[in-house]
Amino acid sequence: MPQWLTDGAAHVWRPYCQMKTAPAPLAVARTDGARIILEDGRELVDGIASWWTACHGYNHPHIRAAVTAQLERAPHVMFGGLAHEPAYRLASRLAALLPGELDHVFFAESGSVAVEISMKMALQYWINRGVAGRTKFVSFLGGYHGDTLATMTICDPEEGMHGLFAGVMPAQHVVAMPRDLGSEAALDSLLSAKGSEIAALIVEPRVQGAGGMVLHDDSVLATLRRLADKHGLLLIFDEIFTGFGRTGDLFACTGSGVIPDIVTLSKALTGGTLPLSAAIASRRVFEAFWSDDAGAALMHGPTYMANPLACAAANASLDLFEDGAWKADVARINAALAEGLEPCRKAPGVVDVRTLGAIGVVEFEDAVDTGDLCVKFAERGCWIRPMGKVVYLTPPFVTSDAELSRLTGAICEVVAGS
């Protein structure tokens with residue numbers, strides 16, 4: 001164990017674990033492509049792209065060169081009253097890539113904050129229009145939108161991560177996804193009864209990520225758009241997980257043909273290089289804030305919003321998406337995951353195996369032991385971190401066929417022995 005890890009262990013508070021009982025973290029020396037190289041010399045194939053961020057793999061030379069060049073010019077400057085080229089160019093490019101009139105970009109540093117900003121936009125949209133009482137949101141069972149206080153209220157309350165905080169913030173309407181006529185009618189009935197108190201519906205399009213990698217098809221999104229329009233509500237797509245190619249389209253809202261009023265982006269926005277997020281509003285939403293009244297402005301401004309280094313990384317990442325090669329890689333990964341994980345279907349305790357785009361999921365009947373499984377996967381040369389009831393893969397798009405085989409083989413081997 002390196003000295004820096006020994007010395008710092010008494011002072012670092014780690015995420016998502018009971019530190020008294022959790023295994024010690026693995027010490028990382030460097031990264032390269034789809035691999036994490038540990039201090040002890042072992043190389044692990046990263047099966048989850050560092051929580052879905054490193055879509056182009058680690059240390060991509062084009063992104064690294066862009067960040068290095070920007071570092072020499074200006075690593076950071078406040079965004080209040082000042083402007084810089086990387087942010088303004090990035091905003092223009094995102095607006096051009098997103099469908100419809102999603103063309104007003106508000107930057108932040110994390111996905112949770114971007115979701116909170118989208119909620120704040122939705123609330124103030126109604127206030128600025130002189131409509132009182134619309135203070136609630138509708139979200140969906142199985143969903144996850146972040147760990148900050150407001151985002152916790154729109155996560156699945158039974159998912160378990162935030163159960164300790166029940167009652168701390170006002171409760172929202174967390175309901176069943178409208179996957180069939182019954183659940184669609186129930187949602188329609190709720191919106192008819194409570195529509196006057198609801199500001200917006202918010203959903204993770206196509207895949208509910210951290211809540212369990214639950215898939216739903218694009219017809220669900222069309223239903224949500226229709227019901228939002230019927231009841232005069234805003235629709236928010238949380239694309240922090242699904243954005244930037246993960247489901248096979250650059251954005252789920254583009255591929256589905258369903259256009260929300262606000263979309264949130266983060267994670268792979270910078271190719272896994274630096275923290276950056278955005279809440280991107282339609283022209284209709286933005287116009288509610290466009291006024292001679294200073295009080296109608298969106299009073300929000302994270303200190304590091306639109307950080308020039310992060311924006312430079314994001315622009316470089318978009319350059320890599322422009323050549324379109326990622327589409328073939330996502331299709332290749334999907335085929336490898338579907339074939340490689342299929343044997344898990346017969347393993348003890350497994351209830352489902354599913355894939356979409358560059359996502360592969362093995363779901364168990366009961367919650368798995370994340371710490372124990374992480375150790376077993378690392379012993380097989382893989383970094384795979386399960387959550388809840390699922391063992392999943394969301395590898396970088398540059399992952400080779402041999403590396404994909406190692407990942408799926410490790411899961412099959414560990415699952416068979418569990």
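Me: Where is the place of Trp326?

Reply: Trp326 sits in helix H12, and since this is a predicted model, everything said here about that residue describes a prediction.

Me: Buried or exposed, that Trp326?

Reply: Trp326 counts as buried, because its relative accessibility is 7% and the cut-off for buried is under 20%.

Me: And which residues is Trp326 in contact with, leaving aside neighbours within four places in sequence?

Reply: With those neighbours set aside, Trp326 is in contact with Gly245, Gly248, Asp249, Leu250, Phe321 and Phe397. As for Asp249, its C-alpha atom is separated from that of Trp326 by 9.8 Å, although the two residues are 77 residues apart along the chain.

Me: How many residues of H11 are buried?

Reply: The count is 13 of its 15 residues, and H11 is accordingly described as mostly covered. At the N-terminal end, H11 is capped by Asn307, which places a side-chain oxygen 3.2 Å from the backbone nitrogen of Leu309.

Me: What should H11 span, at 1.5 Å a residue?

Reply: The 15 residues of H11 should span 21 Å, and the end C-alpha atoms are 21 Å apart, so the two values agree.

Me: Switching to H14, how far apart are its end C-alpha atoms?

Reply: They are 24 Å apart in helix H14 (residues 401-417), which agrees with the 24 Å that its 17 residues should span. The buried residues of H14 include Glu403, Leu404, Leu407, Thr408 and Ile411.

Me: Now Asp188, which helix is that found in, and what does it touch?

Reply: Asp188 is found in helix H7 (residues 181-194), where Asp188 is buried, with a relative accessible area of 18%. Not counting residues up to four places away in sequence, Asp188 touches Leu227, Lys230 and His231.

Me: Last topic: which residues form the nonpolar patch on the surface?

Reply: That patch is formed by Leu149, Leu164, Phe165, Val168 and Met169, which together have about 510 Å² of accessible area. Leu164 lies in the loop between helix H6 (149-152) and strand S6 (173-175), and Leu164 is exposed, with a relative accessible area of 82%.

Terms used:
Residues numbered from 1 in each chain as written. Predicted model: local features only at pLDDT ≥ 70, side-chain atom pairs only at ≥ 80, totals over all residues. Heavy atoms only, no water. Patch = residues over 30% accessible without salt bridge, like charges linked within 9 Å, V, L, I, M, F, W, Y side chains within 5 Å. Areas by Shrake-Rupley, 256 points an atom, 1.4 Å probe, with all protein chains shown as cover. Salt bridge = Lys/Arg side-chain N within 4 Å of Asp/Glu carboxyl O. Helix = DSSP H or I, 4+ residues; strand = E, 2+ residues; numbered from the N terminus. Buried < 20%, exposed > 50% of the residue type's maximum accessible area, 1.4 Å probe, protein only. Expected span 1.5 Å × (residues − 1). Contact = heavy atoms within 4.5 Å. Polar contact = N/O pair within 3.5 Å; in protein donor to acceptor, adjacent residues only side chain to side chain.
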